[in-house]
Amino acid sequence: MTAPQTLLVTGGAGFIGANFVRYLLDAAPSVRIVNLDALTYAGNLANLAGCLDDPRHVFVRGNITNSELVGYLLQTFEVDGIINFAAESHVDRSILGPVTFVETNVKGTLTLLTAAREARVRRFLQISTDEVYGSLGPTGSFREDSPIRPNSPYSASKAAADHLVRAFVHTHGMDALITRSSNNYGPWQFPEKMIPLMIHNARCDRPLPLYGDGRNVRDWIHVLDHCRAVWQVYRKGRSGEVYNVGAGNERTNLEVVRTILRRLGKPESLIQFVADRPGHDRRYAIDATKLRSELGWRPRVDFESGIAQTVAWYLDHPDWLDKIVSGEYRKYYRTLYEGR
Ligand code: NAD
Ligand code: TYD
């Protein structure tokens, strides 16, 4: 498939979406991006610094559940393809309040699929997560044909969206596909997620709240490696297929937090074990053989240097962090962590 002229990228003011917009403006000079984002608590125009003046990037504040708006954008900008990053993305918030997760992740995806079909958009890529597969024991890894067994309201809503994508392919012959990535880290990540949260707390000499025994395992990928995979799948992936995205960096949370503390020169006494997350998935690990062998993708960032760069990035952007943590974040943080 040749590169499309205009892409609708949703959720492009969030962590991965903003990194993707920046990546694509650089990597694909013939592509114009219409970026639709509701600017929820997680969306931040500061994440798009340097991109907002680019004539190939049009930012639109709006909701993916708004079918009139989505239809209008597809028609007005003659959109060739959609990449859907927009989502409620945080497991802990989905436990506190699951309704918006169903609204955005399920209804929003359905709205986009329906509008894409009506406007005869050529390709639809759904950005999903390895969390739809549930949790692993000490061995093995998720393949694309692993059973879908979501355990949190977040992952259940993402799994529902994936099923809708599959249904539109089979029922309507739509050209659509899905990526399922493991945990991302890198610049512009909202500090409710573990890595930026721990960096922020450590730089302020505040306790680092590790859930349970700290031995849960996540399989980390640098956000830019994920962005490269997304673009490769969008251009070269086969319709109707799922592609796992992972870089083979399994670490316990305790290992990650110790690495962060070492990079910052802070003591391990800052680690505080707190009550576990309800239903906490024990281990994720991705088998990305299909993406590697079919599409030739390889990760470029090794975990140790990726973490070092990431810690340095947050230390270099104290204003970005401080602005976030002085807003709604305070109330959220108190609700979640006090009493744990
Ligand atoms: P994020 O929470 O940082 O950003 C989400 C963005 O979507 C925000 O800018 C927000 O304003 C926007 N948004 C939310 N609801 C919206 C709505 N109804 N309409 C329009 N915009 C809306 O999330 P992220 O970490 O960048 O994740 C992006 C995507 O990647 C999500 O679909 C997520 O499920 C998936 N994913 C994330 C990870 C990860 O480690 N962060 C891993 C695998 C998959
Ligand atoms: P998170 O970044 O929320 O991603 P996900 O739940 O989607 O994997 O959490 C990553 C891991 O870190 C997960 O095992 C939960 C754990 N965690 C903590 O121990 N403490 C924290 O404060 C947070 C936010 C997460």
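If we sort the residues that line the second largest pocket by class, we find 8 nonpolar, 4 polar and 6 charged residues, and I would like to begin there. Please keep in mind throughout that this is a predicted model, so that everything I describe is computed from that model.

The second largest pocket has a volume of about 400 Å³, and of the 18 residues that line it, those closest to its centre are H200, N201, R206, Y329 and Y333. Which helices and strands supply at least two residues each to this lining? They are helix α6, which covers residues 194-203, strand β13, at 271-274, helix α11, at 318-325, and helix α12, at 329-337. The largest share comes from α12, which gives 5 residues to the lining.

Staying for a moment with α6, let us follow the chain into the loop between α6 and β8, the strand at 208-211, because D205 lies in that loop and, at 48% relative accessibility, counts as partly exposed.

You will find L39 in the loop between β2, residues 32-37, and β3, residues 57-61. Is L39 buried or exposed? L39 counts as buried, because its relative accessibility is 18% and the cut-off for buried is under 20%. D205, by contrast, counts as partly exposed because its 48% falls between that cut-off and the 50% above which a residue is called exposed.

Let me now turn to the ligands, starting with ligand 2, for which α6 and β8 come back into the picture, as each of them supplies at least two residues of the shell around this ligand. In total, 19 residues surround ligand 2, and the closest are E131, R218, R277, H280 and Y337. By class, this shell holds 9 nonpolar, 5 polar and 5 charged residues.

Which atoms of the protein come within reach of polar atoms of ligand 2? A backbone N or O atom of P209 lies 2.7 Å from a nitrogen atom of the ligand, while a polar side-chain atom of N253 lies 2.9 Å from one of its oxygen atoms. In the case of Y337, an N or O atom of the side chain is 2.7 Å from an oxygen atom of ligand 2. On its own, ligand 2 has 510 Å² of accessible area, and the protein covers 98% of that area.

A polar backbone atom of N184 is 2.9 Å from an oxygen atom of ligand 1. Here the protein covers 97% of the 830 Å² of accessible area that ligand 1 has on its own.

N19 sits in helix α1, and with a relative accessible area of 5% it is buried.

My last stop is C227, which is found in helix α7, residues 223-236. Where along the chain is Y23 relative to C227, and how far apart are their C-alpha atoms? C227 and Y23 are 204 residues apart along the chain, while their C-alpha atoms are separated by 7.2 Å. C227 is buried as well, with a relative accessible area of 1%.

Note on methods: Residues numbered from 1 in each chain as written. Chains lettered and ligands numbered in written order. Predicted model: local features only at pLDDT ≥ 70, side-chain atom pairs only at ≥ 80, totals over all residues. Heavy atoms only, no water. Polar contact = N/O pair within 3.5 Å; in protein donor to acceptor, adjacent residues only side chain to side chain. Areas by Shrake-Rupley, 256 points an atom, 1.4 Å probe, with all protein chains shown as cover. 1 Å grid on protein atoms, 1.4 Å probe; cavity = no way out; pocket = protein on both sides within 12 Å on 5 of 7 lines; lining within 4 Å. Points joined across faces, edges and corners; volume = space filled by probe spheres on them. Helix = DSSP H or I, 4+ residues; strand = E, 2+ residues; numbered from the N terminus. Nonpolar A, V, L, I, M, F, W, Y, C, P; charged D, E, K, R; others polar. Buried < 20%, exposed > 50% of the residue type's maximum accessible area, 1.4 Å probe, protein only. Near = heavy atom within 4 Å.
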